[in-house]
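Trainee: Hi, could you walk me through this one?
Mentor: Happy to, let's take a look together.

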Amino acid sequence: MRDTKETRIVCAVDLDSAGPVTIETGVGFFDHMIEQVAAHGGFSIRLACEGDLHIDPHHTIEDCAIALGQALKQALGERRGIGRYGFVLPMDEAEASVSIDLSGRPYPVFEGTFATPMLGGYRTDLTAHVVRSLAENLGAAVHVRVTGDDDHHKTEAVYKALGRALRQAIRVEGDAVPSTKGVL
């Protein structure tokens, strides 16, 4: 739950189930992108947001990324047994590479640009902001590189690759904490 003067958000993640996936942020394209994260990540996301969309989608998108990062962090718990790392994903002429380390140490990197400022009600410049907000609140190093010509394809490739990277990183592979330090 995230409740500010700008947004009211309820977010729940279940890493052990592929459904339900219900996303209702008021920004249709962003809903579709978070659905891609859930579908390609193989886990359930329930996310509902009431935001100040009459001003701009920025607060809604940023706060939803923060809430999703916090929900993922909570769902991961001690991170015991996880694969920890995770994906390159081609989508037509676009390619997105997402490297993730669920180390507990946030470090976002985003390399890529968008020529189209809006996709529906979604501001493409917020894609890097989503990565940063998610990384900081999940406690993960998330490196994204995206190339291509079509900004819709590039944006969708980023979110799909993020889901696939998370799928690899959250996969349970044993019962030990995946660190030579013994903690994450």
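Mentor: Let's start with helix H1, residues 28–41: its 14 residues reach 20 Å from the first C-alpha to the last, close to the 20 Å expected at 1.5 Å a residue. That expected span is 1.5 Å times one less than the number of residues. Helices (H or I, at least four residues) and strands (E, at least two) are DSSP runs, numbered from the N terminus. This is a predicted model, where local features need pLDDT of at least 70 and side-chain atom pairs count only at pLDDT 80 or more, while totals for chains, interfaces and linings use all residues. Residues are numbered from 1 along each chain as its sequence is written, and side-chain values use heavy atoms, with hydrogens and water left out.

Trainee: Is H1 largely enclosed or exposed?
Mentor: H1 is largely enclosed by the rest of the structure, because ten of its 14 residues are buried. Buried means under 20% relative accessible area, exposed over 50%, and partly exposed in between (1.4 Å probe, protein chains only).

Trainee: Which residues of H1 are buried?
Mentor: Among them are Phe29, Phe30, Met33, Ile34 and Val37.

Trainee: And what follows H1?
Mentor: Gly42 does, and its phi is positive, near 75°.

Trainee: New topic! How many salt bridges does a search of the whole structure find?
Mentor: The search finds nine. A salt bridge is a side-chain nitrogen of Lys or Arg within 4 Å of a carboxyl oxygen of Asp or Glu.

Trainee: Which residue forms a salt bridge with Arg84?
Mentor: Asp101 does, with the closest N and O atoms 2.5 Å apart. Arg84 is buried, at 8% relative accessible area, and Asp101 counts as buried at 13%.

Trainee: What about Arg80, where does its side chain go?
Mentor: The side chain of Arg80 meets that of Glu78 in a salt bridge (3.5 Å, N to O). Arg80 counts as partly exposed at 46% relative accessibility, and Glu78 counts as exposed at 59%.

Trainee: Where do Glu156 and Lys160 lie?
Mentor: Both lie in helix H4 (residues 151–170), four residues apart, about one turn of the helix. Glu156 forms a salt bridge with Lys160, with 3.3 Å between the closest N and O atoms. Glu156 counts as buried at 7% relative accessibility, and Lys160 counts as buried at 16%.

Trainee: Last one: where is Asp92?
Mentor: Asp92 is in the loop between strand E5 (88–91) and strand E6 (94–101). At 62% relative accessibility, Asp92 counts as exposed.
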